[in-house]
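Hello,

Here is the structure I promised to hand over. Please open it and keep it beside this message while you read.

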Amino acid sequence: MDKENRHHLWLTVPALLSIGLLFSAYGLFGWTSFYRATPGGLGVGGDFTFDNYLRIFGSWRELAVIGETLWISFALTMISLVIAVPMALVIARSPSRLVRSILLFTLAVTFLSGGVTRAYAWMVLLGNKGLINLALVHLGVIERPIRLVFNWLGVSISLVHFLLPFTVFTLVGAVKNLPLSVEEAARNLGATRMTTFFRVTLPLLSSGLVVAASLTYSLALSSFLFPLLLGGGRVRMVANHIYERLFVAYDIPFAAATSAVFLVLSFVVILGFAGLERLVRKVVVR
Amino acid sequence: MNRRSLERPYGRLVPLTATLACLFLLLPVVFVVAFSFNDGAYFQWPPRGPTLRWYVNFFESERFMTATEHSLKVALIVTPACLVVGLPTAVAIARGRFAGRDLIATLLLSPLIVPGVVTGVALLALFTAVHGDLGLGRLLIGMFVFGLPFAVRTMVADLLGLDPRLEEAARNLGATRLRTFFLVTLPQLKSSMLAGAVFVFVEAIDNFSISVFLTDERSAVLPVVAYQYIRDFDDPTVAAMATLLIALSCALVFAIERLIGFERMMHINRK
């Protein structure tokens, strides 16, 4: 049996070729970050240099784009979590099959209907003469249309819409695994619903929350399409910055260096989340 | 505590937030469908009455039609390819005992956390370096490499959760390993294979961040053409395209519900 299991290695050969291709692409791309762009076209040449990295770490503008991306992604992750927890609770616990189905179908259809579709819909909805502004003026909330698009507000609204299904889907499993009896015991001992939620449910859920946060955060970090369409060039995240370096400035080495710095930062953040998850599990579960 | 509150699993705030969140999620989807039938290039209130103008526009546009053909081609080639390559890989990762198994698993799943733009530019750099002018082939390779980890991950999670006694029973009753795999193991993987396929299919049709780097004028796909259209024109033709995609995703959701049930698929996705 063990001998046969060793033959399993051969089964992975096609996948290994695919991984090999991808990593040679990453490797080559990373390697170009140590050279210079040749004028005209997407060429690379010159001597080995750390110039591109020095340019990033020496410029506040470059660092600001990275910092802003890290910060806004964090804020969006927190917002998504706050909305996702009640949704996951209903999906996992609602006694009505109809209610559960409505939520699941809403999430699935939103999730599957695609990025371009949703980014476009938000562009029209949030425009100066869009439905949202019209409704707000009509209801008397505001006097004249406010700017909801081509700024961080529009990008954030559309990104939460994009991230939410992912967050909920990762949380549902964790909520399903919660032992209901512990919460019932807390209630029986006289704890209010609020106290039970914050002192029993949330701590038990913390490991699942960290996993969901980590996925949501890495998705938020890599957002590209939503800031591109709803940011209208005024709001940029790192992915948009890399794209511009490439297709506006034709500077592959600089785009590569920015990608490398960004990738290292994302890995650090994700490793941080993994560490946090282990820590939380140790503290809560004991 | 009385009986009634035991039956209610949460307070009022939870269903209220969930309802608002559902409305928030559905708003753009419902809006874009309604907008696609609006007889006017801009949004206005009250809406002007139903027209199929933008659908005609979409189907008569050569750019959109070529892009649709390309997108479908990529999705229909990449999805089965990811499943066929992903299945044996998932079996090896879940069941195999060989040196470097964990390393392979880690390497295989790591692209999931690399931003799509980075993967896109890196592949573009590679294709440029080897002068690989493959037309649509660039995107086919790119989407395959990108989609494979999704397929493998869902199937590995499913394989690890299977009851080994079923396979042992089949083996004890004299079935060969191959027969056991096809008659006992494979049928149990139905839901994760479907989940993986849906994921890869949707990603192949909808992915923007990789497609934008790996396609050019001749190999343009739907999301890229739609983006260019939004940038250059101002009319609801993209809303018509969006409505067609939403209809497709509704059809997918209903097919999943009929085939295995959504809640079951969610249960599988727990890992």
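Below is what turned up, part by part.

One caution before the details: this is a predicted model.

Chain A as a whole

Start with chain A. It has 14 helices and 2 strands. Its C-alpha trace spans about 75 × 75 × 35 Å along the principal axes. The chain holds 286 residues, and 51% of them count as buried. It exposes about 13300 Å². Carbon and sulfur atoms supply 69% of that area. Now take the contacts in chain A between residues at least 6 apart in sequence: 66% of them join residues at least 24 apart.

The nonpolar core

Next, the inside. The largest nonpolar core has 165 residues. Two domains of chain B take part: domain 1 (10–51) and domain 2 (62–268) each give at least three residues.

Look at A:Met87 up close. Leaving out residues up to four places away in sequence, A:Met87 touches A:Leu103, A:Leu107, A:Leu164 and A:Val168, among others. Its list also includes residues of chain B: B:Ala18, B:Ala21, B:Cys22 and B:Leu25.

A:Ile72

Then go to A:Ile72, in helix H5 of chain A. Is A:Ile72 buried or exposed? Its relative accessible area is 14%, under the 20% limit, so A:Ile72 is buried. Setting aside residues up to four places away in sequence, A:Ile72 touches A:Trp152, A:Ser156 and A:Met237. A:Tyr217 lies 145 residues from A:Ile72 in sequence, yet the two C-alpha atoms are 9.7 Å apart.

A nonpolar patch on the surface

Now the outside. A nonpolar patch on the surface is formed by A:Met194, A:Phe198, B:Leu13, B:Leu16, B:Leu20 and B:Leu23. Together they have about 650 Å² of accessible area. Helix H11 (193–221) of chain A and helix H2 (13–36) of chain B each supply at least two residues. The helix that gives the most is H2 of chain B, with 4 residues.

A:Met194 sits in helix H11 of chain A. Its relative accessibility is 48%, which lies between the 20% and 50% limits, so A:Met194 counts as partly exposed.

Salt bridges

Last, the charged pairs. How many salt bridges are there over all chains? The count comes to 11.

- A:Glu183 and A:Arg93 meet through their side chains at 2.8 Å, N to O. This pair links distant parts of the chain, 90 residues apart. A:Glu183 is in helix H10 (residues 180–188) and A:Arg93 in helix H5 (residues 60–93), both of chain A. A:Glu183 counts as buried at 9% relative accessibility. A:Arg93 is buried too, at 13%.
- A:Glu244 pairs with A:Arg236, with the closest N and O atoms 3.4 Å apart. A:Glu244 is partly exposed, at 24% relative accessible area.
- B:Arg165 pairs with B:Asp163, with the closest N and O atoms 3.1 Å apart. B:Arg165 counts as exposed because its relative accessibility is 58%, over the 50% limit. B:Asp163 is partly exposed, at 30%.

That is the handover.

Best wishes

Conventions
Residues numbered from 1 in each chain as written. Chains lettered and ligands numbered in written order. Predicted model: local features only at pLDDT ≥ 70, side-chain atom pairs only at ≥ 80, totals over all residues. Heavy atoms only, no water. Core = buried A, V, L, I, M, F, W, Y, C linked by side-chain atoms within 4.5 Å. Buried < 20%, exposed > 50% of the residue type's maximum accessible area, 1.4 Å probe, protein only. Domains from an automatic or database assignment. Contact = heavy atoms within 4.5 Å. Patch = residues over 30% accessible without salt bridge, like charges linked within 9 Å, V, L, I, M, F, W, Y side chains within 5 Å. Areas by Shrake-Rupley, 256 points an atom, 1.4 Å probe, with all protein chains shown as cover. Salt bridge = Lys/Arg side-chain N within 4 Å of Asp/Glu carboxyl O.
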